[in-house]
Amino acid sequence: MAKCFPLTSDNVDVIRSQFPALQRKIEGDSPTYLDGPGGTQSPESVILAISDYLRGGNSNLGGRFLVSQETEAIVAKAREGVAALLGASKEEVFFGANMTSVTFTLSRALCQEWQQGDEVIVTDADHGANRSSWIMAAQDRGVTVQHLPIVDQQGALDLEKLDGLLNANTRLVAITAASNITGNKTDLDVVIDKCRKVGSKVFVDAVHLLPHQLVDVKALDVDFLACSAYKFYGPHLGIMYGKAEWLSSLTPYKVAPAPDVTPKRWETGTLNFEALSGVVATIDYLASLGEGDSLRARLVSAYDNIHCYEDELAAYFLQKLKDVESAELFGLNAVEGRTATFALRFGERDPAEIAEALGQRQIYVWSGHLYADRLTDAFGVTEKGGILRVGLMHYNTKAEIDTFFEALHQIL
């Protein structure tokens, strides 16, 4: 069992005190942020790191003067920190504007290897960012796109059907690590093992998983993995991992004079240095929630603590949900195998209407298809307004869950 130190129901207020947004007062009350899957709040240390970079001097790389050298040190430290977060080497990490941008960048290069008769597989559970890039690349190259469906209303991917889709012509399988709608986790070990048997590369969208669970790209043996810093308490920045052999051998779209060494050859234009300063502080914040002799060890410990506490919140949420007579849950009705993200409907009530009524009470949730429209299509609810999504992070509390359900009962 994970050791819940230092994050428990008794001391979560110590964590919350580090987040300025959680201290904000609107008409005398603090907002209840249950919108984490759409973007998390940031601790003070991250906010200060961004402003301190700009305050101390903003310079591009390669200058023969102090401020430029300080910027180079920030980029290096950010790369090392993200490598520790993902279990990668620093040469296997590159940055971009957002997850969608770095995925489009990679897809442009990777598809140059594809030929007519080849196939790629995307899934019905994925966010559009991990479908559209690959579908458009396939269309450009005359490559067939296969769709892996879900099993049922719980939203689990039908991994048995993956065997029937995979073949010697499969060049790539793009799959989510966890659904941004239901919170369901994917058994990546099973998927990657199946793909290895036919020689297919694997691209993993870890945007929703990474705020809740640490990954180890080497242990997974995944080819590519993308994530977004603003989903795990940092600034808006896209992050891509790629195996060194692929980042070195593929040809990226870049301007001619730009460096042609990995991973810099993948970073088009000037990097967002202030955001990278924030990423360094974000990883330091996460590591502060754990113990260990190295950054990776502290992150492993921290995520054990986060996972333990969020499971406690998820169990409490699911128990309270039982008292809502009209509630329909899309996803697993259990703590195991999911993040603390819940997709809900309440009869024929429009989720947008409920979200707006909650918003008027300063309780923040999302509604709609949330860019996973093939999943809400499969649930048969897209034309009905999609779902109401409630997402719990490690800075949320049981009291906030109570606030949500009290308001929900009033609205319904």
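Biologist: Two strands pair if DSSP finds at least two bridges between them, and helices (H or I, at least four residues) and strands (E, at least two) are DSSP runs, numbered from the N terminus. What pLDDT do local features need in this predicted model?

Modeller: Residues are numbered from 1 along each chain as its sequence is written, and side-chain values use heavy atoms, with hydrogens and water left out. In this predicted model, totals for chains, interfaces and linings use all residues, side-chain atom pairs count only at pLDDT 80 or more, and local features need pLDDT of at least 70.

Biologist: Which strands stand at the edges of the open sheet of 7 strands?

Modeller: The strands of this open sheet follow the order β2-β8-β7-β6-β5-β3-β4, and their pairing is mixed. Each edge strand has a single partner, so one side of it is left without a neighbour in the sheet, and the two edge strands are β2 (93-96) and β4 (144-148).

Biologist: How is the strand β2 joined to β8, and which residue stands opposite Gly96?

Modeller: In β2, Val93 and Phe95 point one way while Phe94 and Gly96 point the other way, and all are buried, where buried means under 20% relative accessible area, exposed over 50% and partly exposed in between, for a 1.4 Å probe and protein chains only. The strands β2 and β8 run antiparallel and are joined by 4 bridges.

Biologist: Why is strand β6 (residues 201-205) described as largely enclosed?

Modeller: Both of its faces are covered, with Lys201, Phe203 and Asp205 on one side and Val202 and Val204 on the other. The strand β6 is largely enclosed by the rest of the structure because the number of its 5 residues that are buried is 5.

Biologist: In what sense does β6 pair with strand β5 (residues 170-176), and what is the hand of the β-α-β crossover between them?

Modeller: The strands β5 and β6 pair in the parallel sense over 5 bridges, and Leu172 stands opposite Lys201 in β6. From β5 the chain passes through helix α8 (residues 188-198) to reach β6. A crossover takes this name if, with the strands pointing away from the viewer, the path from the first strand over the helix to the second runs clockwise, and the crossover here is right-handed.

Biologist: Which residue of strand β7 is the bridge partner of Val204?

Modeller: The strand β6 also pairs with β7 (residues 224-228), in the parallel sense and over 3 bridges. In β7, the bridge partner of Val204 is Leu225.

Biologist: At what angle to β3 does helix α6 (residues 132-141) run?

Modeller: Helix α6 lies across β3 (119-123), β4, β5 and β6. With axes taken as lines fitted to C-alpha atoms, for helices over the stretch in contact, and angles running from 0 to 180 degrees between N-to-C directions, helix α6 runs relative to β3 at about 155°.

Biologist: What angle does the direction of α12 make with that of β10?

Modeller: An open sheet of 4 strands has the order β9-β10-β13-β12 with antiparallel pairing, and its edge strands, β9 (327-330) and β12 (366-368), each pair on one side only. The strand β9 pairs with β10 (residues 341-346) over 4 bridges, and Leu329 stands opposite Leu344 in β10. Helix α12 packs on this sheet, touching β9, β10 and β13 (387-391), and its direction makes with that of β10 an angle of about 10°.

Biologist: Is Val215 buried or exposed?

Modeller: Val215 lies in the loop between β6 and α9 (217-220). Not counting residues up to four places away in sequence, Val215 touches several residues, including Leu85, Leu225 and Arg296. Because its relative accessible area is 5%, Val215 is buried.

How values were computed:
Contact means heavy atoms within 4.5 Å.
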